[in-house]
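Reader: I have a two-part request. Please walk me through the structure below, and please define each term as it comes up.

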Amino acid sequence: MNPKDVIICRCSDVTLQDLYDLFEQGYDTFEELKRVKRVGMGPCQANTCGKMVQWEIAKYYGKPLEEVEFHNMRPFTLGVKLKSIKEAADDEDE
Amino acid sequence: MKQREVVIIGAGPGGLCAAQKLLEGGAKVCLIDRNASLGGQLIKQTHKFFGSEKQYASKRGIDIMEILISSLTQYGDQLEIMTETSVVGMYSDKVIACVKKDKFFKIQAQSIILATGASEKSIPFENNDLPGVYAAGAVQTLMNEYGVKPGDNVLMVGSGNIGLIVSYQLMQAGINVKALVEAAPSISGYLVHASKIRRLGVDILTNTSVKRAIGSEQVKQVEIWDLDPTWQGIEGSERILDVDTICISVGLAPLTELLQQLGAEVRYIKELGGNVPVIDKRYETTVKGVYACGDVVGIEEASSAMVEGKITGLNALEDLGYDIRASRLEMKALHEELKFLRDGPHAAKVRAGYLKRGMLT
């Protein structure tokens, strides 16, 4: 298997090889990987890649899945236009 | 900000049944769903259900959906339905941020029921981004909802009930299912579904997985290989199948992101599909007045989601100050019903999960 041709995060084009490279450098949490490589930060917000990233961390570091911390989830779950937020705020002011 | 008594997020079997109980009891319900129509995944379920008679066994999912939706029409203004509305954020003070067609608004809820369901899991293999690699749910949407053939020759990956049922539905649509591979040593879905596709000549290959998809613009072939007991591929066991579609059905993961945003405690329970909310016997999360039911609390069948929805609806009703004494027997029966649905060997995983949760009913 060529890890360069295995896509983990489709939204941000992160491959399995990218994860291996980061593991080599010592990154071992989803939170870190997210900050360094944007894995899980695209439109699907880790709903597709999340479990695979957890699994790869568990495998690489020899930990049970239960011990692999999941990443923080913050609003918003989808992209929201600033215009929409502004319009809502204007409506509330009236 | 809009003020609402109860907001239900997700109008699948769980959410619809919760709504029904709340409306019966006199509460005002706001039902939100991101899709254009209610029913959640039921719309794709063209096969007849198992389970119990009370939860419409032997009826097709899509017909159950009609029954559930039509039971809500009598409530008029007591029920507000917001379709094509996505909940994009939730906060610990029970403020819900929503978007409907670029219109952003917030709702202050007294009670919230999360019935958000699950998303499909995926697996890593070479060229897994080629067009022609589908999740089983997407294939069901294409075929059963829109009448579109996903391809002509399919490899199914995963022998859970969804993998087995979708294989059968593909064949009903005149599509050739080349084989079904399962990484585990045995079939994980019901034998009755597996037998059906075996009788139609589909090989079910256990201890087998996908090594890579082959093709440049789209899937042309797939290479599969045997797995050893440690789930590693065995060199030399590779063989190639001519397929244009690889359908991935390797399980579901509860959609807990909104619960996590709002600060509800979540823990990893493998048997229930991964991260699931911590709930008590009343299906209340660790945030008071916030409840969860259906696949989001643990991957099960639609029948369990319906029962959980009713239990959740009654509990939310009680916490809002409604008198539910008349429903005590019904509540008892609902818990019995759940116990019945979780009985038997096919539900061993779910029972193990609920044992970990400390609430084996």
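Reader: To begin, where in chain A does Phe76(A) lie?

Author: Phe76(A) lies in the loop between α3 (50–61) and α4 of chain A. Helices here are DSSP runs of H or I with at least four residues, strands are runs of E with at least two, and both are numbered from the N terminus. This is a predicted model in which local features need pLDDT of at least 70, side-chain atom pairs count only at pLDDT 80 or more, and totals for chains, interfaces and linings use all residues. Residues are numbered from 1 along each chain as its sequence is written, chains are lettered from A and ligands numbered from 1 in the order in which they are written, and side-chain values use heavy atoms, with hydrogens and water left out.

Reader: Which residue is joined to Phe76(A) by a cis peptide bond?

Author: Pro75(A) is joined to Phe76(A) by that cis bond, with omega at about 0°. Most peptide bonds are trans, and most residues other than glycine have a negative phi.

Reader: What is the mean pLDDT of chain A?

Author: The mean pLDDT of chain A is 93, and 100% of its residues reach 70 or more. The pLDDT is the predictor's confidence in each residue, on a scale from 0 to 100. Among the elements of chain A, helix α1 (residues 16–24) has the highest mean, 97, and helix α4 (residues 82–93) has the lowest, 91.

Reader: And chain B, and the complex?

Author: Chain B has a mean pLDDT of 95, with 100% of its residues at 70 or more. For the complex, the predictor gives an ipTM of 0.92 and a pTM of 0.94.

Reader: How many helices and strands does chain A have?

Author: Chain A has 4 helices and 2 strands, and its elements run β-β-α-α-α-α from the N terminus on. Chain A is more spread out than a compact globule, because its radius of gyration is 17 Å, well over the 12 Å that the globule rule gives for 94 residues. The radius is taken over C-alpha atoms, and the rule is 2.2 Å times the number of residues to the power 0.38. The C-alpha atoms of chain A fill a box of roughly 60 × 30 × 20 Å along the principal axes.

Reader: What about chain B?

Author: Chain B contains 9 helices and 19 strands. Its radius of gyration is 21 Å, close to the 21 Å given by the globule rule for 361 residues, so chain B is as compact as a globular protein of that length. The box filled by its C-alpha atoms is roughly 65 × 45 × 35 Å, again along the principal axes.

Reader: What share of each chain is buried?

Author: In chain A, 39% of the 94 residues count as buried; in chain B, buried residues make up 55% of the 361. Buried means under 20% relative accessible area, exposed means over 50%, and partly exposed is in between, using a 1.4 Å probe and protein chains only.

Reader: Changing topic, which loop of chain B holds Tyr283(B)?

Author: Tyr283(B) lies in the loop between β18 (274–277) and β19 (290–292) of chain B. Its phi is near 65°, a positive value in a residue other than glycine. Tyr283(B) counts as buried, at 1% relative accessibility.

Reader: Is Asn207(B) buried or partly exposed?

Author: Asn207(B) is partly exposed, with a relative accessible area of 30%. Asn207(B) also has a positive phi, about 50°, although it is not a glycine. Its place is the loop between β11 (203–206) and β12 (208–214) of chain B.

Reader: Now Gly151(B). What does it contact, leaving aside neighbours within four places in sequence?

Author: Gly151(B) is in contact with Ile175(B), Asp244(B) and Thr245(B), those neighbours left aside. Contact means heavy atoms within 4.5 Å. Gly151(B) sits in the loop between α3 (136–145) and β9 (153–157) of chain B and is buried, at 9% relative accessible area. Gly151(B) and Ile246(B) are 95 residues apart in sequence and 9.3 Å apart in space, C-alpha to C-alpha.

Reader: Lastly, where is Ala348(B) found?

Author: Ala348(B) is found in helix α9 (residues 348–356) of chain B. Ala348(B) counts as partly exposed, at 37% relative accessibility. Between Ala348(B) and Ile32(B) there are 33 Å in space, C-alpha to C-alpha, and the two are 316 residues apart in sequence.
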